[in-house]
Amino acid sequence: MQNKLKELKLKLAPYQTQLINHPLYTDLVSLEDIRQFMECHVFAVWDFMSLLKSLQIELTCNTLPWFPVSTPENRYLINEIVLGEESDLDKFGNRTSHFEMYVEAMEELGACTKGIHRFIKQMKLTKDLDASFKNAEAPQSVIDFVKYTFQIVYSPKLHVKAAVFTYGREDVIPKMFYQLVQDLNKSNMGQLEKFMYYLERHIELDGDSHKFLAEKMLMNICGDSPILWEEATSESIKALKYRLALWDYIHLSLKRQMASCTN
């Protein structure tokens, strides 16, 4: 299984390199740039939780009466990840999800949260993605990204779901982005404190413990099956391409904003 995992990582490496070196990061040079980034990215922070919970639903018992489901190790692995993502500690020691932490960081920075709040309100009422996107007036690249995530959420293939979660979403934030936000925070009297804390928790959990747990879970699910590993690899590549497309859109939006400001 370790060899299969190494093969998967080798095939994903070119796409991960593109993400790490994406020009979007170096063009985030002002608080307004960060606001625009967060207003789009927040939808990806939200849909990540649905992908996570879909794995928990399949790997643990969420119905009554309770019966053992999956394997004890997989139950532990997914529950440990959910614990950190859904009920972490904020910088003041209060329990919160990473999504709620992100929205609070947006509010501190003065980013617009109307879109994501309208989206969630409509989703609670209708469970209809199209109606919710319309209500939020979300850009097409955000719509495409979230719709792809929900294709995976409702996929009957557990190995595909685990692979996209592990390599399409549980990625480490590039050091240059963290440093850039840190510098902007210092030069703007701490207006990015909550966002800095979110990034620190994301790096600490996703880049260390959660990635290890998710990889172990994926190996348990795929086992020695060449077919499962092949499907896991191809869908992980597809997920990374959707992330690249989202980054391309945000980057293009920033470039257009910069151009309009100079005219």
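Helix axes here are lines fitted to C-alpha atoms over the stretch in contact, and the angle between two of them runs from 0 to 180 degrees between N-to-C directions. In this predicted model, the axes of α6 and helix α7 (residues 140-153) cross at roughly 155 degrees and come within 11 Å. Angles over 145 degrees count as roughly antiparallel, and α6 and α7 are therefore roughly antiparallel to each other.

- α6 passes α7 in a right-handed crossing.
- The contacts between them join L129, D130 and F133 of α6 to V142, I143, V146, K147 and F150 of α7.
- α5 also packs against α6, at an angle of about 150 degrees and with the axes 8 Å apart.
- That angle makes α5 roughly antiparallel to α6.
- The crossing of α5 and α6 is right-handed.
- On the α5 side, the residues in contact are G115, R118, F119, Q122, M123 and T126. They meet L129, A131, S132, F133, N135 and A136 in α6.

**Helix α5 (residues 114-126)**

- The 13 residues of α5 should span 18 Å at 1.5 Å a residue, and its end C-alpha atoms are 18 Å apart, which agrees.
- Buried residues in α5 are G115, I116, F119, I120, Q122 and M123.
- Seen down the axis of α5, these buried residues fall within an arc of 165 degrees, so they line one face of the helix.
- An α-helix has 3.6 residues a turn, so residues three or four places apart point the same way.
- The face of α5 turned away from the buried side carries K114, K121, K124 and L125, which are exposed.
- Among the elements that cover the buried residues of α5 are α2 (31-59), α4 (98-109) and α6 (129-136).

**Helix α8 (residues 158-169)**

- α8 has 12 residues and reaches 16 Å from its first C-alpha to its last, close to the 16 Å expected at 1.5 Å a residue.
- The helix is mostly covered, with 12 of its 12 residues buried.

**Helix α9 (residues 175-187)**

- F177, Y178, L180, V181, L184 and N185 are buried in α9.
- Viewed down the axis of α9, the buried residues fall within an arc of 160 degrees, so they line one face of the helix.
- K175, K186 and S187 are exposed on the other side of α9.
- M189, which has a positive phi near 55 degrees, follows α9.

**Backbone details in the loops**

- L64 and P65 are joined by a cis peptide bond, with omega about -5 degrees.
- P65 lies in the loop between α2 and α3 (72-86).
- S70 is in the loop between α2 and α3. S70 has a positive phi of about 60 degrees although it is not a glycine.
- At 41% relative accessibility, S70 counts as partly exposed.
- K127 follows α5 and is found in the loop between α5 and α6.
- K127 is not a glycine, yet its phi is positive, about 60 degrees.
- At 64% relative accessibility, K127 counts as exposed.

Definitions and conventions. Residues numbered from 1 in each chain as written. Predicted model: local features only at pLDDT ≥ 70, side-chain atom pairs only at ≥ 80, totals over all residues. Heavy atoms only, no water. Helix = DSSP H or I, 4+ residues; strand = E, 2+ residues; numbered from the N terminus. Expected span 1.5 Å × (residues − 1). Buried < 20%, exposed > 50% of the residue type's maximum accessible area, 1.4 Å probe, protein only. Arc of directions from axis to C-beta. Contact = heavy atoms within 4.5 Å. Parallel < 35°, antiparallel > 145°, perpendicular 65-115°, else oblique. Left-handed = near helix turned anticlockwise from the far one by under 90°.
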